[in-house]
Amino acid sequence: MAYETLLVETRGRVGLVTLNRPQALNALNRQLLDELKGVLAGFAADAGIGAVVITGSEKAFAAGADIKEMQPYGFADAVVEDLAAGWDDVAAFRKPMIAAVSGFALGGGCELAMMCDFIIASETAKFGQPEITLGIIPGMGGTQRLTRALGKAKTMDLVLTGRMMDAAEAERSGLVARVVAPEKLLDEALAAAEKIAGFSLPSTMMAKEAVNRAYETVLSEGMRAERRLFHALFATEDQKEGMAAFVEKRKPAFKHR
Ligand code: CO8
């Protein structure tokens with residue numbers, strides 16, 4: 001299927017989505033969101049896909065939500081449409097999803113990267129929440145996910161000043177999992193995704209679910225949730241296979257990949 005705002009490919013068991021609105025530095029408009037939701041729904045239903053990589057161009061992962069599209073909105077329009085809420089569907093994608101970020105990841109672009117399970121950044125990446133410079137605030141999770149990732153001090157600094165942070169600062173601050181040379185970015189992200197996609201899918205999905213609980217609840221509830229998910233995996237054939245393979249000193253052949 002052809003998309004106007006995305007390039008979509010499958011590499012082995014990895015779904016690769018490239019944001020593709022070069023004329024607007026991959027600004028996230030309604031059409032892009034609709035197309036991305038459609039692609040992710042397809043990947044969710046496709047047993048051949050075990051992980052997803054979302055990337056942009058060398059210059060921009062995404063320079064934010066589309067300012068030209070938002071400009072005419074009034075308060076009532078924003079409320080009635082529930083502006084920005086559609087992105088919750090992207091964040092709710094259940095298979096592992098990696099953001100491969102080069103260049104600008106600003107506003108909604110930074111927020112989209114944070115909806116992914118982890119971020120691999122090129123040395124050229126620049127992260128920021130510049131909404132304050134437009135007379136608004138982040139609306140796709142920036143004030144919440146950034147605070148959980150970086151803590152209050154740095155989040156306040158970024159959100160209140162609108163300044164950008166480079167890849168080294170983002171890695172130091174815990175926003176980014178790995179920083180690599182620009183030419184290695186996609187290979188690094190695809191290799192990580194392919195590795196994840198080679199494991200048992202129920203276990204990678206439950207691992208993601210368990211880690212995400214840490215962001216949503218208190219420690220005792222999170223521990224209970226983790227333990228039940230941990231117990232549940234002992235009901236899978238892949239647990240039998242994974243442990244038997246270890247004991248027999250061979251590679252596991254997971255069934256639910
Ligand atoms: N929206 C629309 N168009 C954009 C955006 C954007 N966010 N960013 C860049 N563009 C367009 C520019 O208008 C320009 O178009 P044209 O050639 O027609 O004038 C083209 O992309 C190239 O951009 P620049 O010429 O500005 O490129 P530079 O290299 O000079 O500058 C920057 C790059 C610094 C990234 C600059 O483009 C910039 O500051 N962009 C805006 C960054 C920003 O403020 N982002 C936050 C947007 S608000 C937001 O994300 C809120 C999210 C929550 C709400 C979600 C609701 C759906």
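## A salt bridge towards the end of the chain

Let's start with Glu237 and Lys255, which form a salt bridge whose closest N and O atoms are 3.1 Å apart. (Salt bridge here means a side-chain nitrogen of Lys or Arg within 4 Å of a carboxyl oxygen of Asp or Glu.) Glu237 sits in helix α12 (residues 237-247) and Lys255 in the segment after α12, so the pair links parts of the chain 18 residues apart. Helices (H or I, at least four residues) and strands (E, at least two) are DSSP runs, numbered from the N terminus.

How open are the two ends? Glu237 counts as partly exposed at 42% relative accessibility, while Lys255 is exposed at 58%. For these labels, buried is under 20% relative accessible area, exposed is over 50%, and partly exposed lies in between (1.4 Å probe, protein chains only).

## What you're looking at

This is a predicted model, where local features need pLDDT of at least 70 and side-chain atom pairs count only at pLDDT 80 or more, but totals for chains, interfaces and linings use all residues. Residues are numbered from 1 along each chain as its sequence is written, and side-chain values use heavy atoms, with hydrogens and water left out.

## The sheet

There's an open sheet of 6 strands with mixed pairing, in the order β1-β2-β3-β5-β7-β10. Two strands pair if DSSP finds at least two bridges between them. At the edges are β1 (6-11) and β10 (178-180); each has a single partner strand, so one side of each has no neighbour in the sheet.

Strands β2 (residues 14-19) and β3 (residues 51-55) run in the parallel sense, paired over 5 bridges. Look for Leu16, whose bridge partner in β3 is Val53. Helix α5 (residues 108-115) packs on the sheet and touches β2, β5 (97-101) and β7 (118-122), with contact meaning heavy atoms within 4.5 Å.

The structure holds 13 salt bridges. In one of them, Lys208 meets Asp117 with the closest N and O atoms 3.0 Å apart. Lys208 belongs to helix α10 (residues 201-213) and Asp117 to the loop between α5 and β7, so this pair ties together parts 91 residues apart in sequence. Lys208 counts as buried at 10% relative accessibility, whereas Asp117 is partly exposed at 30%.

Glu188 and Arg178 make another, again with the closest N and O atoms 3.0 Å apart. Glu188 is partly exposed at 27%, and Arg178 is partly exposed at 32%.

Notes:
Axes are lines fitted to C-alpha atoms, for helices over the stretch in contact, and angles run from 0 to 180 degrees between N-to-C directions.
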